[in-house]
Amino acid sequence: MFLAMGADDSEIATQLMRVKERVADAARSAGRSPESVRLIAVSKRHPAAAIRAAYAAGHRTFGENYPQELAAKSVSLSDLAEISFHMVGHVQKNKAKLVAAHADCVHTLGSAGQASALASRVEARSGEVMPVLIQVNIGREANKSGVSPDDLGALIDAVVVLPQLRLTGLMAIPPVASEPEGARRYFDALAEMRVQHGGEARLPELSMGMSADLEAAVQAGATMVRVGTSIFGERPVRSPTV
Ligand SMILES: *Cc1c(COP(=O)(O)O)cnc(C)c1O
């Protein structure tokens with residue numbers, strides 16, 4: 001499939017609709033309701049105008065990776081009353097303030113230090129609670145962020161005691177695979193990890209699946225899929241000036 005760089009507004013609307021159909025089809029074929037899977041449109045490095053186009057087509061939840069870009073977009077799009085941003089990129093401790101101010105959910109907690117840095121910044125906002133997911137380094141890759149599967153239990157214990165954060169689930173980015181089905185065993189592994197650490201009651205959300213492998217993720221139980229390229233086209237090399 002060829003997607004032009006910087007898809008125009010009508011292409012974004014069309015592609016968004018196609019991705020929603022893919023998600024709904026995957027849910028139905030897994031015997032799940034389409035509403036049980038939330039689509040996070042990952043807009044990193046695309047201009048704010050691309051988000052406006054998706055918003056105009058009815059989409060509300062967007063994923064961003066870089067704190068500064070998240071902040072700039074959230075300010076420039078503050079006229080869009082129902083927009084919400086999920087942070088799906090690594091949160092450095094010194095960026096926790098920006099993330100707390102502009103994200104509505106954080107998918108990528110990987111250490112107790114990150115959790116407490118974020119919590120202390122959330123506290124600064126009057127009585128709000130930030131929904132968070134723990135990112136698990138499911139393929140045990142040296143160069144990937146996320147907590148090691150062995151340390152997940154300890155990190156969950158450290159996060160649930162922070163009143164400013166509400167732990168809602170687990171997130172993973174599987175190792176690069178040549179086949180979408182290659183990711184499936186990692187999605188199954190994340191679902192199994194949830195079972196080991198309290199199940200759906202404690203960890204309702206599983207954030208997994210991207211453009212290439214969302215079907216396999218939904219089959220394995222994803223409740224949030226994070227899709228960029230299939231909606232917005234190929235990503236520009238650099239972040240926009242917004
Ligand atoms: C960029 C990104 C995505 C979207 O990936 P696509 O392959 O473009 O769909 C999803 N999740 C995370 C964490 C990302 O960084």
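The model is a predicted one, and the values given here are computed from it. The ligand sits in the largest pocket, where 13 residues surround the ligand. The protein buries 88% of the 390 Å² that the ligand exposes when taken alone.

**The ligand and its surroundings**

- Among the 13 residues that surround the ligand, the closest are K44, N65, S211, T229 and R235.
- When the residues of this shell are sorted by class, six are nonpolar, four are polar and three are charged.
- In S211, an N or O atom of the side chain is 2.5 Å from an oxygen atom of the ligand.
- In T229, a polar side-chain atom likewise lies 2.5 Å from an oxygen atom of the ligand.
- In G228, by contrast, the atom concerned belongs to the backbone, and this polar atom is 2.8 Å from an oxygen atom of the ligand.

**The largest pocket**

- The largest pocket, in which the ligand sits, has a volume of about 760 Å³.
- This pocket is lined by 33 residues, of which K44, I173, M210, R226 and R235 are the closest to its centre.
- The lining of the largest pocket is made up of 15 nonpolar, eleven polar and seven charged residues.

**Backbone angles to look at**

- Most residues other than glycine have a negative phi.
- R45, which is not a glycine, has a positive phi near 70 degrees, and R45 is found in the loop that runs between β1 (38-42) and α2 (48-56).
- V242, also a residue other than glycine, has a positive phi near 80 degrees, and V242 lies in the segment that comes after α10 (229-232).

Key:
Residues numbered from 1 in each chain as written. Heavy atoms only, no water. Near = heavy atom within 4 Å. Polar contact = N/O pair within 3.5 Å; in protein donor to acceptor, adjacent residues only side chain to side chain. Areas by Shrake-Rupley, 256 points an atom, 1.4 Å probe, with all protein chains shown as cover. 1 Å grid on protein atoms, 1.4 Å probe; cavity = no way out; pocket = protein on both sides within 12 Å on 5 of 7 lines; lining within 4 Å. Sits in = over half its atoms within 2 Å of the grid points. Nonpolar A, V, L, I, M, F, W, Y, C, P; charged D, E, K, R; others polar. Points joined across faces, edges and corners; volume = space filled by probe spheres on them. Helix = DSSP H or I, 4+ residues; strand = E, 2+ residues; numbered from the N terminus.
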